[in-house]
Amino acid sequence: MTPQPRKRVGVLISGRGSNMAALIAATMDPAYPAEIVAVVSNVAGAKGLETAERHGIATMVIPHRDYESRAAHDDAVHAALKGVGAEYVALAGYMRLLSPHFVRKWQGRMINIHPALLPSFKGLDTHARALAAGVRIHGCTVHFVTEGMDEGPVIAQGAVRVLPEDTEETLSARVLKVEHRLYPMALRLVCEGQARMSDGRAVIDRKGADDAEYLLSPPEGG
Ligand code: GRF
């Protein structure tokens with residue numbers, strides 16, 4: 001089979017960029033179906049920018065404060081992504097709400113990672129809220145981005161048990177590890193066409209069987 005050209009992905013960040021780094025690491029494998037063509041940040045000095053630069057990836061800072069409206073800022077980001085020939089967008093800790101116009105332009109080609117099992121715990125402070133709610137399973141979600149915040153169709157989720165001794169820090173660290181495995185896997189599915197948006201839902205054509213039928217927390221037995 002002739003190998004398909006790698007899909008060109010733009011990554012949007014606002015901060016640390018550890019999920020971006022996980023995506024970069026995945027793209028080091030020449031068999032991975034995507035390459036990162038640019039990392040765009042709305043925050044100058046975002047830590048993730050240094051990481052991207054160290055890997056020789058083009059970075060751009062487009063501060064939202066320089067624009068008179070959200071839509072004008074989003075237009076600048078869109079132009080930057082188009083300028084580098086991006087075909088897909090991965091949001092990785094991008095702390096901006098996106099205008100409907102921007103979202104529509106990338107519909108089905110823009111994904112986000114959220115640190116909770118959606119539709120539970122949309123928004124911020126997900127780990128503290130999960131602890132306060134007393135859930136036994138928590139995790140992360142990769143979803144297609146639609147107009148409603150954290151509302152798009154779910155592509156993939158990863159879960160961890162919530163332990164009795166967990167604090168916000170320990171729980172977020174455990175979820176973050178799963179994020180770093182989940183996001184590259186989900187981007188692969190999207191770029192290979194195995195995950196796509198259809199009629200407002202994510203359709204997954206994943207070949208292969210799951211090895212575990214269910215996850216219980218606390219675990220069985222003992
Ligand atoms: C992650 O927890 C991600 O799920 C959320 O924002 C955080 C970004 O962390 N959207 P990083 O910048 O990827 O390290």
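Student: So which residues have the most contacts inside the largest nonpolar core?
Tutor: V11, V39, I111 and I155, in a core of 37 residues. By nonpolar core I mean buried Ala, Val, Leu, Ile, Met, Phe, Trp, Tyr and Cys residues joined through side-chain atoms within 4.5 Å. Buried is under 20% relative accessible area, exposed is over 50%, and partly exposed is in between, with a 1.4 Å probe and protein chains only.

Student: Which helix gives the most to this core?
Tutor: Helix α6, residues 168–191, with nine residues. Helices (H or I, at least four residues) and strands (E, at least two) are DSSP runs numbered from the N terminus.

Student: And why does the core lie between the two domains?
Tutor: Because domain 1 (1–106) and domain 2 (113–222) both give residues to it. Those bounds come from an automatic or database domain assignment.

Student: Before I go on, what should I know about the model and the numbering?
Tutor: It's a predicted model, so local features need pLDDT of at least 70 and side-chain atom pairs count only at pLDDT 80 or more, while totals for chains, interfaces and linings use all residues. Residues are numbered from 1 along each chain as its sequence is written, and side-chain values use heavy atoms, with hydrogens and water left out.

Student: OK, back to I155. What does I155 touch?
Tutor: Leaving out residues up to four places away in sequence, I155 touches I111, V142, H143, F144, A186, V190, A195, A202 and I204. Contact here means heavy atoms within 4.5 Å. Apart from that core lies another one of 20 residues, including V37, V40, I62 and V145.

Student: Switching to the ligand: which residues are around it?
Tutor: R16, G17, S18, N19, G93, I113, H114, P115 and E179, each with a heavy atom within 4 Å of it.

Student: Which polar contacts would you point at?
Tutor: I'm counting pairs of N or O atoms within 3.5 Å; within protein, one must be able to donate a hydrogen and the other to accept it, and residues adjacent in sequence count only if both atoms are side-chain atoms. The side chain of S18 has an N or O atom 2.5 Å from a ligand oxygen. For the E179 side chain the distance to a ligand oxygen is 2.7 Å, and a backbone N or O atom of G17 lies 2.8 Å from one. Taken alone the ligand exposes 360 Å², and the protein buries 86% of that (Shrake-Rupley areas, 1.4 Å probe; for residues, only the protein chains shown count as cover).

Student: Last one: where is the cis peptide bond?
Tutor: Between L118 and P119, with omega about 10°. P119 sits in the loop between β5 (110–114) and α5 (126–133). F121 is in the loop between β5 and α5 too, and its phi is positive, near 55°.

Student: Is F121 buried or exposed?
Tutor: Buried, at 17% relative accessible area. D199 also has a positive phi, about 50°, but D199 counts as exposed at 80%.
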